[in-house]
Amino acid sequence: MTKKKLVPYLLVSPYLIYFLVFIAFPVIFSIVLTFNSWNIISPMKYNGLNNYIRLFHDQFFLQSLVNTLIFLVIHIPLQIIVAMLLALALNQKVKFLGFFRAAFFLPVIVSGVVVTIIWQQLYGFDTGLFNRILTTIGLGRVGWLIDPAWAMPSIAIMATWKNVGLYVILFLVGLQTVPNHYYEAADLEGANKFQKFFKITLPMINPTIFMVVILSTIGGFSLFIEPYIMTGGGPLNSTLSAVLYIYKQGFFFYNMGYSATLGLFFALLILSVIMIQKKFIEKE
Amino acid sequence: MKKVLFYIFLSLAAVAFLYPFLWMIIASLSPENQIGNLTFIPTSLSFESYTEMLSKIPIARALFNSTFVALCITFGVLVFGSMVGYALARLEFKGRNLIFFIIIFTMTLPFQITLIPQYILMVKFQWVDTYWALIVPYLMNSLAIIMFRQYFKTLPQDIIDAARIDGCGDFEIIFRILWPNSIPALVTIGIITFMASWNEVLWPLIVIRNEHLMTLPQLVTLFAVGGAAETQLGVKLAAATLLALPIVLAYLFFQKYFIQSMASTGIKE
């Protein structure tokens, strides 16, 4: 009988060990780290609130926040609009639906490393595809990755291209849950296409939009490999992302204490931004 | 007419998503001086970039490392995930709700907070530059546990009761009775886990410095940003093609599963 009682604990014990070692301890230790300065090699040194004071005077930290904001402001609306357009198109009775869906989804499954290496070429100043198109139709070249004003928007556009396929699928699922008789009723009332979209479709797929906003926000704060490969955070730190800055402080300068402070701060920021978004969208 | 325009729009969109990959493959198979041509068909075929790549970086070893690591992680997540998922779905015990709550909590915890302390843990375990560092922290996955829990809840109690009468223990019930009845869940969780592991690059960059233990995306990344590749775009694109190929091939065969898996979880990257 006692053996039977122990079985559930035996089954969940791998998770408990994992949780204690890889989640609970790191979270507590990261808070300890924020009050210390440490380069891993020499002993840890208590330095009070210095890491926090430094954080609020650190222009690179501020820059990484602004960069993330720029990314999100471009990425989120662009992602929702493009995904919605493609999903609405696929929601008609489309031939070769499977092919189109698979094509839009392809970048989602491919490594961000591959996507970044390809887009680095597309964004090339002299021979990149985009500038070739621009010069062919008589416009000037754009410094996609070398102009500080363009670098982050360029990365946001690429990220949209990479992720949008997933949201096309999610929107498509959402669109198919809207009961047909809503549209039929609207037809009887003489509603036009736009009225139907804004009065019926949009409110019905609101939960999906919320999911897209949240996932994109997390994505923006997790941006790393794209600037790491494309720009190294430049030009003029215009693509220094949150995670790239944590990485640089931790593994270039070995400031474990300060790096952990950045990590803690960004984690709290992500959670609060998501809470605010949730409140805001629930109200709508 | 409207129909035609509609299909032209869709086709252009499809080209926008497919052409960059096509270009990568074509360019990697072209002689270095012809990569600049943005064509659909290579004018002359050349494997120069690939042979060059093989001689420059231990890419075969990286291919093995990535496969080995991703397989170990996928196996671990399936085994441990179904154990915990089963306990939460089918057994009564004190603290069950607390554990469920903890799992949900860890799911929402941003990784930025644990990144540095987890690295320090690897240093203290002396796992830096070992497979342990790449595999062990990923053996457990909260999302997988939740998905197993949900799926096991839908299975009929009869099959579990019947197995108990036959004298099966809980482990036998999980792996011999529930698993054969949970193929969709196993496939879904397997695909997401393998893909996430295959594409992971930040963690390997942190815990692996020995070139022979590097994963494929890590090696390709360091090659792409390092000086060695600067002049040879072809080699860079050949390496990227090799990195994309296994997942794309799997995608061609199991396309439906991939899309369903990702859509059912809403996760990305």
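Predicted model: local features only at pLDDT ≥ 70, side-chain atom pairs only at ≥ 80, totals over all residues.
Let's start with chain B. How many helices and strands does chain B have? Its secondary structure comes to 14 helices and 0 strands. Read along the sequence, the pattern is α-α-α-α-α-α-α-α-α-α-α-α-α-α. The C-alpha trace of chain B spans about 70 × 65 × 35 Å along its principal axes. Chain B has 269 residues, and 53% of them count as buried. Now the contacts inside chain B. Take those between residues at least 6 apart in sequence. Of these, 72% join residues at least 24 apart.

Next, the interface. The size of an interface is often given as the accessible area lost when the parts come together. What area is buried between chain A and chain B? About 7,700 Å². Carbon and sulfur atoms give 81% of that area. As for which part of chain A contributes, the largest share of its side of the contact comes from helix α1, residues 2–33, with 20 residues. By class, the side of chain A that touches chain B has 67 nonpolar, 15 polar and 7 charged residues. In residue terms, the contact takes 89 residues from chain A and 89 residues from chain B.

What about polar pairs across this interface? The count between chain A and chain B is 9 residue pairs in polar contact, with both residues at pLDDT 80 or more. How many salt bridges cross the interface? The rule finds 0 between chain A and chain B.

On to charge pairs in general. Side chains of opposite charge can pair when their charged atoms come close. Searching the whole structure gives 4 salt bridges over all chains.

One is in chain A. D187(A) pairs with K196(A) in a salt bridge, and the closest N and O atoms are 2.8 Å apart. Is each partner buried or exposed, or in between? K196(A) has a relative accessible area of 18%, so it is buried. D187(A) is at 43%, so it counts as partly exposed.

Another is in chain B. R164(B) and D170(B) meet through their side chains in a salt bridge, at 3.3 Å from N to O. D170(B) is at 10% relative accessibility, so it counts as buried. R164(B) has a relative accessible area of 30% and is partly exposed.

The side chains of R176(B) and E172(B) form a salt bridge, N to O at 3.5 Å. Why are R176(B) and E172(B) separated by about one helical turn? Because they lie 4 residues apart in helix α9, residues 170–178 of chain B. R176(B) is at 61% relative accessibility, so it counts as exposed. E172(B) is at 33% and counts as partly exposed.

Now the cysteines. A disulfide is a covalent bond between the sulfur atoms of two cysteines. How many disulfides does the structure hold? Over all chains, 0. C72(B) is at 24% relative accessibility and counts as partly exposed. C168(B) has a relative accessible area of 19%, so it is buried.

Start with T34(A). Where is T34(A)? It is found in the loop between α1 and β1 (36–37) of chain A. T34(A) is buried, with a relative accessible area of 0%. Its side chain reaches the backbone oxygen of I31(A) at 2.6 Å. Leave aside neighbours within four places in sequence. T34(A) is then in contact with G48(A), N51(A), Y52(A), G257(A), A260(A), T261(A) and L264(A).

Then H212(B). H212(B) is found in the loop between α11 (202–207) and α12 (216–225) of chain B. At 42% relative accessibility, H212(B) counts as partly exposed. Which residues does H212(B) touch, not counting residues up to four places away in sequence? P58(B), R61(B) and N65(B). L91(B) is 121 residues from H212(B) along the chain, and their C-alpha atoms are separated by 45 Å.

To recap. Chain B has 14 helices and 0 strands. The whole structure has 4 salt bridges and 0 disulfides.

Key:
Residues numbered from 1 in each chain as written. Chains lettered and ligands numbered in written order. Heavy atoms only, no water. Contact = heavy atoms within 4.5 Å. Buried area = accessible area lost by both parts, 1.4 Å probe. Polar contact = N/O pair within 3.5 Å; in protein donor to acceptor, adjacent residues only side chain to side chain. Helix = DSSP H or I, 4+ residues; strand = E, 2+ residues; numbered from the N terminus. Nonpolar A, V, L, I, M, F, W, Y, C, P; charged D, E, K, R; others polar. Disulfide = S-S within 2.5 Å. Buried < 20%, exposed > 50% of the residue type's maximum accessible area, 1.4 Å probe, protein only.
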